[in-house]
Amino acid sequence: MSDRIVLSEVGPALRAGLSFRVHLYASWPQTQAGSESRPYLRAWLAWMLLTFVPAFSFAAETGTSRHRVIVSSDIGGTDQDDNQSMAHVLLYADTLELEGLIASPYGPGRKKDILGTIDAYEKDFATLRTHSVRYPTPAALRAITKQGAPDAVGDAGHDVPSEGSQWIIECARRPDPRPLWVLGWGGLDDVAQALHDAPDILPKLRVYWIGGPNKKWSTNAYDYIEQHHRALWIIEANSTYTGWFVGGNQQGEWGNAEFIRRHVAGHGALGDYLANYSGGSMKMGDTPSVAYLLSADPEDPAKPHWGGSFIRAWDRPRAVFDRLTTAADRVEVYAIVQIEIPPGEGKPVSHRAHLAMENQMIPGTVDPTTGRLRFRFSPKAARTWNYTIYSDWAGLNGQTGSITSFLTPPDAASRPSAQHPNWWADDLSPELVQGGQHGVKTVSRWREEFLRDFAARMLRCKSPNP
Ligand SMILES: [Ca+2]
């Protein structure tokens, strides 16, 4: 029933502790070694173990020093990889102190999708518990599962409190000296709502947000936070996260599909559950946020972590146009783009309009005082985007526009934003680019290591600890 610490099963944080222990042994004075000094040696070792080991080697597994974590996921939404990531984080539920599992926008995902993952966990629970008594009961997990905002919020970036946003506030206000990590796997809508309703919680939060496509679907909530809560501690990982499934050693068993076939399918109910999503291949684009916490020094994003390393964010790119744009208008990739169309002659304030771009229908908002019609979006790749506007006002209906987004130049790294003192972003170093995206290699370089760890965890579902 004991928690075996096997080097191949532990992340950088635990290994840092183990190497620290080795260092302590090495510090044992040579003059004390030898058979005569064994009682003294035993006493010294016992003292060292009692004094240092709990604080270092088992840091991520002991009660008080585990990271407090809320996962805010768009599980059941547009992409099935959150189901995979949810199963994965439950495998590590003894290592983290999970305080909340929130079903957040975008897409049709609901609380029931998280509960479905917990059902699979329940089937493996007795076996998992033989490996660590710190695995929470399925009932405890169900009790912290909450419904977030039912849909992406409108132009203001916040709306009404949800069960999820209220839960973030409740957890953040607990009298616990540790920070509260919020892992954003979908829209930031519930985080934005919590910050709006309870700005006092801001210093307590550590947000690791998988941006990129989530930023595209969550522009209003993001923009609200960026404009009104700039002191927030947040990692905005717009591209780094792809290193979980792009690059690194993908030979043989380390390939995305082969890994699932060999190390996940047939490994308990959780393994089969995970293997059943994303066509039986590994994607898990949100999992770097979890892997990040399995590494040492999460308070310092610049250091190496399985979930990437980051640089201080430059001023957050945001462009406002008072007209329809053309391909000659250029903005940074992942920028917030706002198009505001002044009221035209005969255009009623109450008209409705949508901006259609690829698979997105972005609703326009008419400012009741100025009459300006506003659209907000975020280009998730560097290229030219075309759009068409549909409106119940004939003068606007059918108008088209374009905009070009470009990859952020590396020298932006030398201009950390004074207004965003705790904001972190993808590393812009050219040598870390993979698949045309920044920072990807800060994750993919650890691929074999984090997959070995993952594979060892899957074995926990397959057979009890003898
Ligand atoms: Ca997601």
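Trainee: With which residues is Val153 in contact, leaving aside its neighbours within four places in sequence?

Mentor: Two residues are in contact if their C-beta atoms, placed from the backbone, lie within 7 Å. By that criterion Val153 is in contact with His158, Asp159, Asp189, Ala192, Asn220 and Ala221, its neighbours within four places in sequence being left aside. Val153 itself is found in the loop between β3 (145–147) and α6 (163–172). Helices (H or I, at least four residues) and strands (E, at least two) are DSSP runs, numbered from the N terminus. Asp189, one of the contacts, is 36 residues from Val153 in sequence and 6.4 Å from it in space, C-alpha to C-alpha.

Trainee: On what basis are these values given?

Mentor: The model is predicted; local features need pLDDT of at least 70, side-chain atom pairs count only at pLDDT 80 or more, and totals for chains, interfaces and linings use all residues. Residues are numbered from 1 along each chain as its sequence is written.

Trainee: Is Val153 buried or exposed?

Mentor: A residue is buried if 20 or more other C-beta atoms lie within 10 Å of its own, exposed if 12 or fewer, and partly exposed in between, with C-beta atoms placed from the backbone. Val153 has 24 other C-beta atoms within 10 Å, so it is buried. Ser239, in the loop between β6 (234–237) and α10 (256–264), counts as buried because it has 29 C-beta neighbours inside 10 Å. Not counting residues up to four places away in sequence, Ser239 touches Gly212, Asp426, Gln437, His438, Gly439 and Val440. Over the chain, buried residues make up 47% of the 466 residues.

Trainee: How many helices and strands are there in the chain?

Mentor: The chain has 14 helices and 17 strands. Of its contacts with a separation of 6 or more, 76% are between residues 24 or more positions apart.

Trainee: At what angle do α6 and α7 pack?

Mentor: Axes are lines fitted to C-alpha atoms, for helices over the stretch in contact, and angles run from 0 to 180 degrees between N-to-C directions. Angles under 35 degrees count as roughly parallel, over 145 as roughly antiparallel, 65 to 115 as roughly perpendicular and the rest as oblique. Helix α6 and helix α7 (residues 189–197) pack at about 55 degrees, with their axes 8 Å apart; the two are therefore oblique to each other. The contact is made by Gly164, Ser165, Ile168 and Ile169 of α6 and Asp190, Val191, Gln193, Ala194 and Asp197 of α7. By class, there are four nonpolar, three polar and two charged residues in this contact. Ala, Val, Leu, Ile, Met, Phe, Trp, Tyr, Cys and Pro count as nonpolar, Asp, Glu, Lys and Arg as charged, and the others, Gly among them, as polar.

Trainee: Which residues make the contact of α3 with α4?

Mentor: Helix α3 (residues 81–91) and helix α4 (residues 111–131) pack at about 45 degrees, with their axes 10 Å apart. Asn83, Met86, Ala87 and Leu90 of α3 meet Ile114, Thr117, Ala120 and Tyr121 of α4. The residues of this contact divide into six nonpolar, two polar and no charged. In α3, 11 of the 11 residues are buried, so this helix is largely enclosed by the rest of the structure. Its buried residues pack against β1 (68–73), α4, α11 (268–275), α12 (288–293) and α14 (447–462).

Trainee: In what order do the four strands of the open sheet lie?

Mentor: Two strands pair if DSSP finds at least two bridges between them. The order is β8-β10-β14-β13, with mixed pairing. β8 (318–321) and β13 (365–366) stand at the edges with a single partner strand each, so one side of each is left without a neighbour in the sheet. β8 and β10 run parallel, joined by four bridges, whereas β10 (residues 336–341) and β14 (residues 373–377) pair in the antiparallel sense over five bridges. Gln338 has Arg376 as its bridge partner in β14, and Val320 has Gln338 as its partner in β10. Helix α9 (residues 219–228) lies across β10 and β14, at about 95 degrees to β14.

Trainee: Which residue takes a positive phi in the hairpin of β11 and β12?

Mentor: Glu358 does, with a phi near 50 degrees, in a hairpin that has two residues between the strands. β11 (residues 353–357) and β12 (residues 360–363) pair in the antiparallel sense over four bridges.
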